[in-house]
Amino acid sequence: MRIREIRSAGLRRPVTESGEGGRTTQERCIYTLIAIITDEGLTGLGSVYTDDGLVQSALAVLEPLYRGENALEPERVSEKLRQHTFWLGRGGTITHTISGIDIALWDLLGQATGQPIGRLLGGRYREKVKPYASVSMSNHASLPDKLRELREQGFMAFKMGWGPFGRQSKTFDESIVRAAREAVGADVLLMVDAGASGAFWKHGYKWALRTAQMLADYDVDWFEEPLKPDALHDYIRLRNNSPVAISGGEVLTRRQSFLPWLQNGALDIVQPDITKVGGISEARRIGWTAQDNGIRLIPHGWNTAVGLAADLQLASALPDTDLVEYLIDSPYIDELTAGGWELDKEGMLAISDAPGLGIELDLDAVAKYTGGEDMCRWLSAR
Ligand SMILES: [Mg+2]
């Protein structure tokens, strides 16, 4: 089976500007779907965490390397694309785009062999995994109610992040965490994400350590991105001195970039994004290196239903990956798959053992968010 062509389509929805008479415009595209079309009629599905114009440009650069390639050899073909493009986009748009291609190639291999990707990665350590509800702190006044509502829906783990945290005062930060812990109760996981990879983050090591000590008082399970994303040495010190687990790594790409973080013990939990880091092949290798260095991989999942399906397959194939991120209130998670996602009574998500990614897309939702029927036509061959 050979790769005939690769198509992409960005996801967008209308947004209305705040204030009276606000204009309605299309939101900026940050998620792009990928379809690999083969000469035997099967189509593989992937997702890339970046703008669709960037993905289209990267596909044009990569096309001579992938056209006609074997469609059933994800790791070799992805590595070929990486090795031949190291000088024009290593770690950036090219790597992001390879992530979507790699996921789609694993999906094809699964479909062709009738096996779920997790089994093709070596075997399934688990049949289900706990999703944690990932919520923005932007609406901090209504956050406790939102958390209670999610608890009622069955979620048993929660992360709140970004928004005003670390941007106003110590007292304010603590009041958010106290209210959140009271809302969810004592018997569930609660995590906090400072989002220090955001533009012009102003705090350093001492703020991060003091805040970690406060979070420990509320039994917070991990403190995510408490430092600027390149502050490797401060991360090492913080992990050594923090009473709560330290996590990060969502902005890193390529397995090689993770080595200093994993080998120097900079993190308790490493969080590559499968739709950005280089795909399933790369995330799996990072996961095993992490495991060998006493660090858990829990994937960053602030992307799409296709990314979530890939995370579930990865989680099935890594011994320590017993949580996945579930982005709340995103149509690209909730609406893109036919039938949606369902938690069981223990707040767990089943990991599909159907071939490949194990999902079917809702083609109406695909048409709605990609702005046309093209992607549906390519995907209807799945
Ligand atoms: Mg984060």
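In the predicted model, 48% of the 382 residues of the protein count as buried. The secondary structure comprises 14 helices and 14 strands, and the radius of gyration is 20 Å, close to the 21 Å that the globule rule gives for 382 residues, so the protein is as compact as a globular protein of that length. Taken along the principal axes, the box filled by the C-alpha atoms is roughly 60 × 50 × 40 Å. Of the contacts between residues at least 6 apart in sequence, 72% join residues that are at least 24 apart.

The domain assignment divides the protein into domain 1, formed by residues 3-119 together with 360-379, and domain 2, formed by residues 123-350. The centres of domain 1 and domain 2, taken over C-alpha atoms, are separated by 24 Å, and the contact between them takes 32 residues from domain 1 and 28 residues from domain 2. On the side of domain 1 that touches domain 2, at least two residues each are supplied by strands E4 (31-38) and E5 (43-48) and by helices H2 (74-83), H3 (93-113), H4 (117-120) and H13 (363-370). Of these elements, H3 gives the most to that side, with 8 residues. By residue class, the side of domain 1 that touches domain 2 divides into 16 nonpolar, 9 polar and 7 charged residues.

The largest nonpolar core has 114 residues, and those with the most contacts inside it are Ala 35, Ile 36, Ile 101, Ala 104, Leu 105, Phe 158 and Val 270. Both domain 1 and domain 2 give residues to this core, so it lies between them. In soluble globular proteins, nonpolar side chains tend to be buried together.

Strand E13, which spans residues 323-327, is mostly covered, with 5 of its 5 residues buried. In a regular strand the side chains alternate between the two faces of the sheet. E13 pairs in the parallel sense with strand E6 (residues 128-136) over 5 bridges, and Pro 131 stands opposite Val 324 of E13.

Two loop positions were also examined. Ser 138 lies in the loop between E6 and helix H5 (143-153), and counts as partly exposed because it has 13 C-beta neighbours inside 10 Å, a residue being classed as exposed at 12 or fewer and as buried at 20 or more. Not counting residues up to four places away in sequence, Ser 138 touches Trp 162 and Gly 163. The C-alpha atoms of Ser 138 and Gly 21, which are 117 residues apart along the chain, are separated by 23 Å. Glu 20 lies in the loop between strand E2 (14-16) and strand E3 (24-26), and is exposed, with 4 other C-beta atoms within 10 Å. Glu 20 and Thr 253, 233 residues apart in sequence, are 42 Å apart in space, C-alpha to C-alpha.

Terms used: Residues are numbered from 1 along each chain as its sequence is written. This is a predicted model: local features need pLDDT of at least 70, side-chain atom pairs count only at pLDDT 80 or more; totals for chains, interfaces and linings use all residues. Helices (H or I, at least four residues) and strands (E, at least two) are DSSP runs, numbered from the N terminus. The radius of gyration is taken over C-alpha atoms; the globule rule is 2.2 Å times the number of residues to the power 0.38. Two residues are in contact if their C-beta atoms, placed from the backbone, lie within 7 Å. Domain bounds come from an automatic or database domain assignment. Ala, Val, Leu, Ile, Met, Phe, Trp, Tyr, Cys and Pro count as nonpolar, Asp, Glu, Lys and Arg as charged, and the others, Gly among them, as polar. Two strands pair if DSSP finds at least two bridges between them. A nonpolar core is a set of buried Ala, Val, Leu, Ile, Met, Phe, Trp, Tyr and Cys residues joined through C-beta atoms within 7 Å.
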